[in-house]
Amino acid sequence: MEKFTRLEGLVAPLDRNNVDTDAIIPKQFLKSIKRSGFGPNAFDEWRYMDVGQPGQDNSGRPKNPNFVLNQPRYQGAQVLLTRANFGCGSSREHAPWALLDFGFKAIIAESFADIFFNNCFKNGIVPIVLPAAEIEALFQQVEATPGYKLVVDLQAQAVIRPDGHGVPFQIDAFRKECLLNGWDDIGLTLRHAEKIREFEEKRRINQPWLFA
Amino acid sequence: MPKTLYDKLWENHVVHQEADGTALLYIDRHLVHEVTSPQAFEGLKLAGRKPWRVSSIVSTPDHNTPTDHWDEGIKDPISRQQVETLDANIREVGALAYFPFKDPRMGILHVVGPENGATLPGMTVVCGDSHTSTHGAFACLAHGIGTSEVEHVLATQCLLQKKSKTMLIAVDGKLGKGVTAKDVALAIIGTIGTAGGTGYAIEFGGSAIRGLSMEGRMTLCNMAIEGGARMGFVAVDDTTINYLKDRPFSPKGEVWERAVEYWRTLHSDAGAQFDRVVTLQAEAIQPQVTWGTSPEMVVAVGAAVPDPAKESDPVKREGMERALQYMGLNPNTPIQNIAIDKVFIGSCTNSRIEDLREAASVLKGRHVAANVKLALAVPGSGLVKRQAEAEGLDKVFIAAGFEWREPGCSMCLAMNADRLEPGERCASTSNRNFEGRQGPGGRTHLVSPAMAAAAAIAGRFADVREVL
Ligand code: SF4
């Protein structure tokens with residue numbers, strides 16, 4: 001996993017509550033057995049006028065000019081700004097894979113669905129929860145200011161606006177460490193292999209029905 | 001100090017804890033299907049790692065498999081490749097149980113695990129599928145995980161977790177005739193909202209919940225995720241234990257006795273504290289129908305489509321307007337005036353034997369309306385299908401004009417050929433009414449199996465209590 005320390009990125013606003021993972025990456029693309037290449041189909045049903053199919057060349061497909069991420073001013077965005085309950089629905093990790101492949105490295109929302117939130121950390125995306133009032137202010141600034149960028153400083157746990165105003169955010173100490181260092185969870189866990197084995201042995205004796 | 005069921009389940013699985021509370025939890029049961037596992041197996045192989053304990057794995061393909069013409073195999077080459085990849089991976093690493101495509105015990109994982117006794121009380125159960133919460137019906141710590149976590153569990157038999165907050169949802173009283181676990185689930189989501197359970201582990205309690213069968217409890221826990229909670233569970237009681245007796249993977253003899261003794265402790269202690277308590281009165285719950293594109297957009301069958309003009313929150317109002325536009329509905333339309341094109345009875349929410357019995361009891365001696373283009377009944381597993389056929393339910397469905405299909409996820413998410421065409425409206429017993437869920441442009445209304453059957457007959461939504 002890539003390290004995440006500090007990011008200065010263009011912000012794209014997606015002004016909706018309850019953006020679900022079916023919307024982030026529709027099911028037909030889940031048939032892929034790879035982890036990469038989902039970016040061109042992120043938000044497929046909103047982004048294009050036709051129905052996308054896996055394996056298709058997306059470059060010639062008709063785009064929906066009304067969909068916010070298709071607007072020229074948001075091309076190259078790395079920070080996604082949205083509302084409440086982002087990433088609800090299915091557990092598909094294809095959703096963060098698609099967002100990352102699209103270019104997003106940080107997502108700022110009023111709240112996230114639990115499984116999606118978790119999946120972000122496994123892929124080096126920083127999901128940031130801010131209070132509704134801060135989110136509202138950011139929406140107004142983004143929409144009013146072409147080229148609007150935010151700095152996400154993970155070490156300092158702050159989102160810094162162009163006017164210098166810093167908004168602090170919370171993040172678990174352990175997850176922060178992992179992101180800052182780009183650590184692989186499995187490698188970390190396997191440092192406890194001995195402990196896991198001991199735990200398992202005890203369990204096998206005390207609750208043998210679990211090991212049928 | 002009195003403990004909640006969640007405390008007990010959690011403490012029983014902690015292998016190690018970091019200073020900030022992040023814990024390494026031991027995983028007892030790992031359910032694996034074809035969509036969210038290929039990248040995990042590949043990652044494992046690339047890193048040169050071996051699965052930690054393959055006897056924890058129960059696997060079957062379910063999402064991509066067709067529900068008819070099994071003799072022709074899987075026609076879509078990309079779907080076929082995914083199912084074949086699962087075959088190859090399981091053949092290579094092994095499993096406690098694998099039910100490949102067309103196996104008599106194949107089916108939706110969340111139906112297959114419990115009916116085989118592979119889901120036992122007190123287990124941690126994970127799967128790369130958000131509806132893993134279903135297994136909470138057995139007092140399991142059961143939740144969906146992403147593919148990186150699938151790989152993590154394969155490699156380490158553990159998951160990194162932070163403890164959730166706890167919520168008790170107590171439903172007391174007696175459910176009315178024609179009111180089912182699905183209606184309870186939808187009514188709860190209508191009350192707490194789709195994000196109401198975010199960050200919480202939900203325990204369902206109260207006399208109405210204790211009165212539910214295991215099938216009903218599975219329906220309820222299945223929908224916990226639609227209320228934002230990764231997991232929902234119900235305490236162990238006689239209903240749980242009677243259900244598990246003599247299932248293929250249930251313990252036997254002396255080990256069974258020991259297990260039951262432990263399982264009897266799996267309930268919240270009297271006086272245990274929850275972070276949030278929500279109470280509902282069973283008698284007040286009516287048959288439910290969703291009208292929008294999120295499960296919280298739900299009303300009782302006797303009500304009308306709500307009017308966004310009456311919503312004061314601008315973001316919510318816009319969401320309602322967008323939903324109504326997508327659904328092709330006008331505000332204030334009575335629910336029972338909404339005509340349907342298709343009916344789907346199936347999915348991990350409502351495809352168990354009791355669900356099929358409920359629907360069949362409404363359909364018996366009746367026929368689907370002329371405007372209904374397709375009515376599908378898709379049993380949750382091969383075993384459910386066989387049981388239903390032994391009871392003659394298949395004949396009831398077929399006589400009523402339903403198609404009786406092979407088991408699988410089917411039109412719940414339309415990864416196979418079963419789907420809605422743009423603009424088509426469906427009464428569905430599944431769990432998500434998101435835009436495009438049952439096919440691009442498709443319009444989904446979530447209901448119970450009995451309500452889906454009533455809608456099939458009327459050709460529009462109808463109050464099942466009037467036909468029972
Ligand atoms: S039936 Fe639907 S919700 Fe359940 S596992 Fe299959 S696709 Fe997911």
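Two residues are in contact when heavy atoms lie within 4.5 Å. In chain A of this predicted model, 63% of the contacts between residues at least 6 apart in sequence join residues at least 24 apart. Chain A has eight helices and seven strands. Its C-alpha atoms fill a box of roughly 65 × 45 × 25 Å along the principal axes. Of the 212 residues in chain A, 58% are buried.

Helix H4 of chain A spans residues 114-121 and is mostly covered. Seven of its eight residues are buried. These are Asp114(A), Ile115(A), Phe116(A), Asn118(A), Asn119(A), Cys120(A) and Phe121(A).

Chain B is assigned three stretches: domain 1 (5-163), domain 2 (165-236 + 268-284) and domain 3 (288-466). The centres of domain 1 and domain 3 of chain B, taken over C-alpha atoms, are separated by 28 Å. Across this pair, 24 residues of domain 1 are in contact with 23 residues of domain 3.

The space that the ligand takes is the largest cavity.

Definitions and conventions:
Residues are numbered from 1 along each chain as its sequence is written. Chains are lettered from A and ligands numbered from 1 in the order in which they are written. This is a predicted model: local features need pLDDT of at least 70, side-chain atom pairs count only at pLDDT 80 or more; totals for chains, interfaces and linings use all residues. Side-chain values use heavy atoms; hydrogens and water are left out. On a 1 Å grid over the protein atoms alone, a cavity is a set of points where a 1.4 Å probe fits but cannot get out, and a pocket is an open set with protein on both sides within 12 Å along at least five of seven lines; lining residues have an atom within 4 Å of a point. A molecule sits in a cavity or pocket if more than half of its atoms lie within 2 Å of its grid points. Buried means under 20% relative accessible area, exposed over 50%, partly exposed in between (1.4 Å probe, protein chains only). Helices (H or I, at least four residues) and strands (E, at least two) are DSSP runs, numbered from the N terminus. Domain bounds come from an automatic or database domain assignment.
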